[in-house]
Every structure is written in C-alpha cells, then in structure tokens.
Amino acid sequence: MDSDPEPTVSIERIYREEYGRIVASLTRRFGDIDIAEEAAGEALLAAVERWPRDGVPPNPGGWLTTTAGNRAIDRLRRESHRDAKHQAALMISDDSPHEPTGAVEDDRLRLIFTCCHPALAPEARVALTLRLLGGLTVAEIAQAFLVPETTMAQRITRAKKKISVAKIPYRVPSPADLGERVDGVLAVLYLVFNEGYLSSSADASPIRDELTGEAIRLARILRALLPDAPEVTGLLALMLLTEARRAVRVADGQLVPLHEQDRGGWDRDLIAEGHDLVRECLALRASGGARPGPYQLLAAINAVHTDAPTAADTDWSQIATLYAQLYAVSPSPIVALNRAVAIAELDGPALALAEVDRLDLATYHAWHATRADLLRRLGRSAEARAAYDAALALTDNEAERAYLSRRRGQLG
Amino acid sequence: MTKYLLSVHSGLDDYARPLDEMQPMFDAVGQYNQTARDAGIWVFAGGLQSPDLATVIDNTGAAPIVTDGPYLESKEWIGGFWIFELPDLDVALQWATEASKACGGPVEVRPFEGEA
C-alpha cells in the first residue's frame, strides 16, 4: 500500500481516469446506466473514506469497479421487492458468466457507440460522452458549453431516458454499419476538441485546455480500442499536432497565427507522436489501405506545418496538394478557403483572392479574416479594413478579436 | 422485446394521386409486409383513409361534442403505420429504413410504453 501525501487529489484523478471503465462495465452487468452511475458515485465516496486511512489499493481501478458492483447489488436487493424491473436486472446479472478481463475494454467501446448513437441529438451525444466516458460532472459540462446546469442535466437525463426506453443498444455496431458509426464518434470528439481549440464564446477563455485534453484522452482510448481504424489514428494525430502548438497560440491575450508563432515553444513530444501516427497512416495506405479520409488528410497537413523549422520553410505545394485531396473527399467551402491560403503562398495573393471571392461564406468570420489579409497584402487597405470589420463582427473569441483589431490598426 | 410504431405521414395530395401512379408503392409495401410477417416481428399494420374522413369526439366537458375532420390542423397526418415487436432501436431503424424505401416517405420510429 502506498501512502500518498495528497490522497484526495490522487483519488479524484484515479476516479476520473477509471470512471468510463467502471460505468461501462456496470452498465453491461446491470443493463442500466443510472444504476451504473450511482454505484460509481458510491464507490468514490467509499474510496474517499478509506484510501486516506488504508492507503491507495494496488489496483485502484479494480477496487473501484468491485466496490461499485457490490454497491449496485446491495441497492438492487434493497429495492427489488418494490421494483420488478430491477429484480429482473439482478436476475440477469446473477445468471451471466463472469466476464473475462478483455471484455472490459469492449464494454467501454460499447458505451462510446451508445453515447454517440445517431438517434440522439448531436449536443446530447457530446454531453453523454463527456459525462459517461470522460467522467466530467454535469456542472463541468454545463460550464464547458455555457448552458445553465439545469439545462445540461435535463439534456443528459432526456438522452439517458431515450437510450433506456427506445432501447438504443449497448453494443459495437455490425461491420456493415461500423464505418459510419465510427465517423459519428469521431465527429463528437472533434467537436469537443474544437470548442477547446478556439472557444466560440466571449465568456470563456480563448483556449480551453480542459476540453482539448479530454478530447485527446478519449481519442487515445478509442484508438486503443480500434487500432485498425485509420481515421481514428488520423484524428488523434490531428489533435496532437494541433495541441502541440497550444502554448504559443495566444500571447498577451492575442491569437498568434501559425506563421508568427515561436516554434521553439511547440511541444516536441506531441509533434513526434503525431508524426509517428501520420507515418503509420501513410504506411497503411502504401500497403493497399483505403483512400485516406478527412482526419488523416488534416493530420498530414498539420504534419507538414509542424515539420517546417520556420514558417518560410513550409512546403506549401504539399499543403496545397493535400487540401486538394481533402476537397475531393469533403468538398466544403471551408476546405476551399484553406486551400486558397496555400495558393496565396504558392501563386500570390491575387490568385488566392479570386478563389476566396468565389466562396459563399459571408457569415463565416475566417472568410472575412482571410480576405482581409489577402487585400492587405495586395495593398488594398480600405477594402482590407472593411473585411477586418466584417470578421470582427462575426467572432466573439477575445483572443481572435484582439489579433484582428491589431492587424486592422496596422493598415496604412 | 419492445413494440415500435413505424409511422408514415402523408398530405391530402398523396390521397389524390391516381391509382396507377400509386401501384408500384402498393406492390413494394406488400412485399415489405410479407418480409416482416416471415420474420415473425409483425404485430399490426395498416393504411389509413384520408384525414378529411376523420371524426373527432370530445367527451371531456358536460356533454360529448362531435366534430367533422381531423383533430389537429396540419398539412400532414399519419397515413399508415406498422407495429413491430423488435429487440432494440438499431433493429427498428433497419426495418424503418426498408419501410421508408417501400412506401416512399420518411418513417418515424417511436417505442410503445412498456407492459410491465
């Protein structure tokens, strides 16, 4: 037994890390998410009471799962005489053979697919994933998405009710549906990451590392569970290569664009890990794998950026090629906008501006910001000023506003 | 097992379409129904007559009041439905996917209250 100088901090960290596993395994055993969550909460209370006294057990995750399982059985026994359904659940659990350890990982994968089921509203998928897999409290999730706690609690309760009443299954989808359903899970994780990467709100801090960190943690779990899904690897690589630049993305409250960032401040370990993952995707492709999907291509683009020692060393022709490939698999105007940024570096701002002006993105702040920059480089200051104003009117992120205001102020 | 209602919504225009135009849909639905019966999931199914043939009776007051026409003012009403007994929502969504193709309209899947 270890004696920990900060047992409460350690308990909370362990609990947070183990939460998804505990809830997943208990949900499978008792067939009910609420029972699983309550039991996990009771196991935490027991740990807080005992661990500071007795020390942290050698296998804390196993201890929490066993304790939670016992608490759930106690509860079901107490309630079984007045609740036929719980009695049925108890009988099922008593009849089932003991799961081998390997099945625990499968349980977590099941839970991810249940949380990200297409029959649930997108915002409910995000909330459920953070709550049940991430172990975030309802209050934390409410704060992350800037909605009142009661609203978030209702959203989660309603989603759990739909899972239970409409019988959204607790299983890994069949091979025929797997690809599409994995895409759904990746979309949820990417949404969580992006809200952290560039917060859409004026009231939150510009970068929310608790959200990017959680998205990365969940993506790592998903990759461990689905090692042969290249888009999962691609998304994890994309997140790592983006996260690597976090420390220098904001300076003095202003967003610092890629070409102005202090590259010495990038996290080399994350970049190395991201590059390894991108290479893994490329190798898979070279050995006859499927055409890379959008996350792998975005990861490759970020690998090219993070490979350049200085902004001037950036291989823009490779980036333009990758954006062209991305546009082929996901032909959105936002992809075309990013491709135009690469074209500006290769063929000059005039050609890029012509591309940008063709896009129907007048409600998107980044379209105006890109136009403003191209107009500035072409010496068309009055038009650039108007474009900066339009961009400023469309974003609430404080760091981005500070950056755009500075660029606007520098116009001749 | 849970019973699910798979319902199709249609407007008055759908009822006005000529029979020969509707025949391919009737055939597809007939085939679909047979598949569902063979699969042993069938509880009940039926197509409904036009909503302007509906009658509403309200006996929540002092005396029952009878009104001509559908209860809700709408442009679309339930035109037909299936009730199937199925293990879970994914299976229900698979059946609904085929149902939508057969009947040529969106299909709403809704679970019944449990019988416990």
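1. In this predicted model, 12 residues of chain B are in contact with 11 residues of chain A. Together the two chains bury about 800 Å². Carbon and sulfur atoms account for 52% of that area.

2. D88(B) forms a salt bridge with R171(A). The closest N and O atoms of that pair are 2.8 Å apart.

3. Look next at where the touching side of chain B comes from. Strand 1 (2–10) and helix 3 (89–103) of chain B each supply at least two of its residues. Helix 3 of chain B gives the largest share, 5 residues. By type, this side of chain B divides into 8 nonpolar, 2 polar and 2 charged residues.

4. Chain B has an open sheet of 4 strands, in the order 2-5-1-6, with antiparallel pairing. Strand 2 (42–47) and strand 6 (107–111) of chain B are the edges, each pairing on one side only. Neighbouring strands are turned by 20° against each other on average, direction ignored.

5. Within chain B, strand 1 and strand 5 (residues 77–86) run antiparallel, joined by 9 bridges. K3(B) stands opposite E85(B) in strand 5 of chain B. Helix 2 (residues 19–38) of chain B lies across strand 1, strand 2 and strand 5 of chain B. Helix 2 runs at about 25° to strand 5 of chain B.

Note on methods
Residues numbered from 1 in each chain as written. Chains lettered and ligands numbered in written order. Predicted model: local features only at pLDDT ≥ 70, side-chain atom pairs only at ≥ 80, totals over all residues. Heavy atoms only, no water. Contact = heavy atoms within 4.5 Å. Buried area = accessible area lost by both parts, 1.4 Å probe. Salt bridge = Lys/Arg side-chain N within 4 Å of Asp/Glu carboxyl O. Nonpolar A, V, L, I, M, F, W, Y, C, P; charged D, E, K, R; others polar. Pairing = 2+ DSSP bridges. Axes fitted to C-alpha atoms, helices over the stretch in contact; angles between N-to-C directions.
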